[in-house]
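This report describes the fold of one protein chain. Please keep the sequence and the model in view while reading.

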Amino acid sequence: MLPPLIKQVRVPLPPDTAFALFTDGIDGWWPLEVHGVFHADSALVAYDGYAGGTITETATDGRTASWADIVAWEPPSRIVLAWHPWTDPQVATTVQVTFTPDDGGTEVVLTHDGWEVLGAEAEQRFALYDAGWDVVFGRHFAQAAGG
């Protein structure tokens, strides 16, 4: 069984602003050309912004791809996602992101877990996400947040 994948960054924003950037502002910092379903043909990615909503990528030609279902929406402290880009929503891992006040900024922790649902692909996907979250979360989100 694989352990949870944990990434964390400290950003110089209050939790409510960091949460809003991670969710409502995702289209401004997520590198769709590399880490999107449609890559260079992607137009935007958006959160519905409530428990039961989704994260959806839209291509320039109007095609859509659901990335995740929002399991918990608790601004400004936590969001939990059933994460399934490129896969059947019934085969979703779990991504939780927490936003904790930290000395005038916010400690943002991303925990990606539930690898066992991927069966034989679990180890390969774990390795891909380990590197991918470093780029997407550790670099792009952190830079957008001023970290």
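Through how many residues does a hairpin join β4 to β5? The hairpin between β4 and β5 passes through three residues. The model discussed here is a predicted one.

## Overall architecture

The protein chain contains four helices and seven strands. Along the sequence, these elements follow the pattern β-α-α-α-β-β-β-β-β-β-α. The radius of gyration is 15 Å, close to the 15 Å that the globule rule gives for 147 residues, so the chain is as compact as a globular protein of that length.

Taken along the principal axes, the box filled by the C-alpha atoms is roughly 40 × 40 × 25 Å. Of the 147 residues, 44% are buried. The accessible surface comes to about 7100 Å², and carbon and sulfur atoms hold 53% of this area. Among contacts with a separation of 6 or more, 47% are made by residues 24 or more positions apart.

## The sheet

The seven strands form an open sheet with antiparallel pairing, in the order β1-β7-β6-β5-β4-β3-β2. Strands β1 (5-11) and β2 (42-47) stand at the edges; each has a single partner strand, so one side of each is left without a neighbour in the sheet. On average, neighbouring strands are turned by 20° against each other, direction ignored.

Strand β3 (residues 54-59) pairs with strand β4 (residues 64-74) in the antiparallel sense over five bridges. Four residues lie between β3 and β4 in their hairpin, and Gly 62 in the turn has a positive phi of about 95°.

Strand β4 also pairs with β5, in the antiparallel sense and over six bridges. Here Asp 69 stands opposite Ala 82 of β5.

## Helices across the sheet

Helix α1 lies across β1, β2, β4, β5 (78-83), β6 (93-102) and β7 (105-113), and runs at about 150° to β6. Helix α4 (residues 122-144) lies across β1, β5, β6 and β7, and runs at about 10° to β1.

Which residues of helix α1 (residues 15-22) are buried? They are Pro 15, Ala 18, Phe 19, Leu 21 and Phe 22. These residues cover an arc of only 160° around the axis, which puts them on the same side of α1. An α-helix has 3.6 residues a turn, so residues three or four places apart point the same way.

Notes: Residues numbered from 1 in each chain as written. Predicted model: local features only at pLDDT ≥ 70, side-chain atom pairs only at ≥ 80, totals over all residues. Heavy atoms only, no water. Buried < 20%, exposed > 50% of the residue type's maximum accessible area, 1.4 Å probe, protein only. Helix = DSSP H or I, 4+ residues; strand = E, 2+ residues; numbered from the N terminus. Arc of directions from axis to C-beta. Pairing = 2+ DSSP bridges. Axes fitted to C-alpha atoms, helices over the stretch in contact; angles between N-to-C directions. Contact = heavy atoms within 4.5 Å. Rg over C-alpha atoms; globule rule 2.2 N^0.38 Å. Areas by Shrake-Rupley, 256 points an atom, 1.4 Å probe, with all protein chains shown as cover.
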